[in-house]
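Here is a short report on selected parts of one structure. Please keep the sequence and the 3D view at hand.

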Amino acid sequence: MADAAPLDTTIKVVTPENIAFEYQLAGPFRRLPAYVLDVFVYSAALAVVVMVGLYLGFLTGSVLALSVYGFLGLLVWFVLGWFYGALCETYFNGRTIGKWICGLRVISVDGRPLSGMQATIRNLLRVADLAPPAALGQFDSEIAPVMAVPTALIGLLSVILTPRMQRLGDLAAGTMVVVDEKSWRLPVAKVDDLRVAALATYVPGDYRVTPTMARTLAAYAERRAYLTPARRREVARHLTDPLVDRFEFRPDIDPDLLMYALYYQTFLAADNAAPPDLGALAAFSPLRKDMDRPVAEPPAAAPPVAQATPMASAANPEHSAASPEQLAARPEQGDVR
Amino acid sequence: MNVATLVEKRRAQWAELEMLCDGTGSPEATARFAALYRAACADLALASAYQLPPGTVTYLHRLVGRAHSRLYRSHRFDPMTWFDVIFVTAPRQIFADPCVRIATLLFFALFSLSAYLAYNETAFPDYAQDIVGTAALEQMEASFEPGLNGNLSHYIGMAGFYIKHNTSIGLQCFAYGILLIPCVFILCYNAVALGASFGYMIREDTPGGETFLEFVTAHGPFELTAIALSAGAGLRLGMGLFRTEGRTRIASLKANAVQAVPIMVAAAILFFLAAFTEGFISPSPLYYPFKAGWAILSSGLLMFYFVVLGFPRQEPS
């Protein structure tokens, strides 16, 4: 990867349609459970073969039939042990059963699905990736060193040291393992706070949101649900302070609200829509020149004041007429969905 | 048009594409899939122009990724290419590959040396016992002493065992080739251990020696060649990391892996042939010249395969 690329686990793939899309790479701790599941699956398949063999043996009592069955069993064992992964990945388009459960997929490094040859190479070389084997009882002379347990240190090192998180088999085959999750959400933040639309009408018409700013606004709108009101203001202030100057808004305007209003203006407001019905909020103005103007008393039938005033309330409660309770009582609206 | 309306408008098509990603539908649906996929690609390409929110862009990346892997399926194994790999690519690769020569030389040199050391009881009295172990040698003597006999069901079971056991060793040797040293170790270990057993059993005074010779004659050519070949394939793989020939290390490794696989396929087939021979012909009380004839025939076939099929030639194009 290029040096300028961010330190990340996403990888860009350019398709024949000349579209670059991103895949998320799967690290060792996503791949290990998938491998363990695969081992379970083919061990279970072998266990079934053995059970059927025992049953047949009891049923027929024929030595010849049993030995033919034993031959087939050994053959199945050999094929499953060495070619389970290659066969699955070829016929299920880069997925074994374990990978399917864990939401992983193997693809070529150029983004195309892997070929049968690649699947064979990467699965045959798994033995080298699982090296060096540690024998159970290596540290205890009482136990005979019978069972060799793979430590997979070679594969782990290789995954850590390569930018595409490839083990040796992946390097030789030219493949990588990516996350292929099915659960997606489509986040479009809904804004149903009346104050946002009201504030958005005061943003000058000649202000154009830059693409970077648009991205920032969308990210902010998506994540603000996870932040406390105080933290939101702290984060938003860095961007809104220059804007408050530029728009000539009063300095005690809520930064969070201004960010949200800009988001609304950029992503949600229709160009030709009628100005929103501001209701009780129509009397308020966020502009600096209107600061000294006495706030018109809302009509008696208006919505509760606590709903209406926070727009003008300050980030610092002591500068503002609004009480801290009103800030705390601000309804959590515009949740990310 | 604002972004929310745009997303809302496109969303139905994205949802449809998402649904088509999950299963194969009618031909009409499949035809529609391509159109929807191109539309989603276009949406992704224009994402920054449309100022789509990052969440939506992430969603589009995933959607296009899934549709892409659905559209471009993997190349499956084609039996026609298998034939080519086994009878055209593999023998030529074996004939031309220096790694195969090195592995074969190393294997047979060590095998012969070890056999000589084990055979020469006066000069090296303890060699075979040190290498193979006294218990293993006694077991071998005991098993070959009574002569060869068996029945069909025993043969079938043993053939299965040899396929699994011996081919696994070969594949392991190949896979460890990428680390080079374990591959060379497995090769040398097998050469030395087999040679020592061989040398010990052909001493004049070893009980069961005659039977042993009769047993190993038939499958020897296939099995010993197969071990050397799988080590050669492994070495080819590992050498790719060092002899890059101007490519990047990883590109060289990939190219060498593609060259190594046909050799390993040939080795695996030889292991299978050896296993069937070892299972059915070797332990049977067949007339000895028949077994010897089989050994000669198999050696001849191997020669034909390596030299006649493998000899480099100009492709008529």
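Buried means under 20% relative accessible area, exposed over 50%, and partly exposed in between (1.4 Å probe, protein chains only). Helices (H or I, at least four residues) and strands (E, at least two) are DSSP runs, numbered from the N terminus.

This is a predicted model: local features need pLDDT of at least 70, side-chain atom pairs count only at pLDDT 80 or more, and totals for chains, interfaces and linings use all residues. Residues are numbered from 1 along each chain as its sequence is written, chains are lettered from A and ligands numbered from 1 in the order in which they are written, and side-chain values use heavy atoms, without hydrogens and water.

**An enclosed helix.** Eight of the nine residues of helix H4 of chain A are buried, so H4(A) is largely enclosed by the rest of the structure. Among them are A:Gln118, A:Ile121 and A:Arg122.

| Element of chain A | Residues |
|---|---|
| Helix H4 | 116-124 |
| Strand E1 | 10-14 |
| Strand E2 | 20-25 |

E1(A) and E2(A) pair in the antiparallel sense over five bridges. Strands pair if DSSP finds at least two bridges between them. A:Val13 has A:Phe21 in E2(A) as its bridge partner. Five residues lie between the strands, and A:Asn18 takes a positive phi near 65°. Side chains alternate along E1(A): A:Ile11 and A:Val13 point to one face and are buried.
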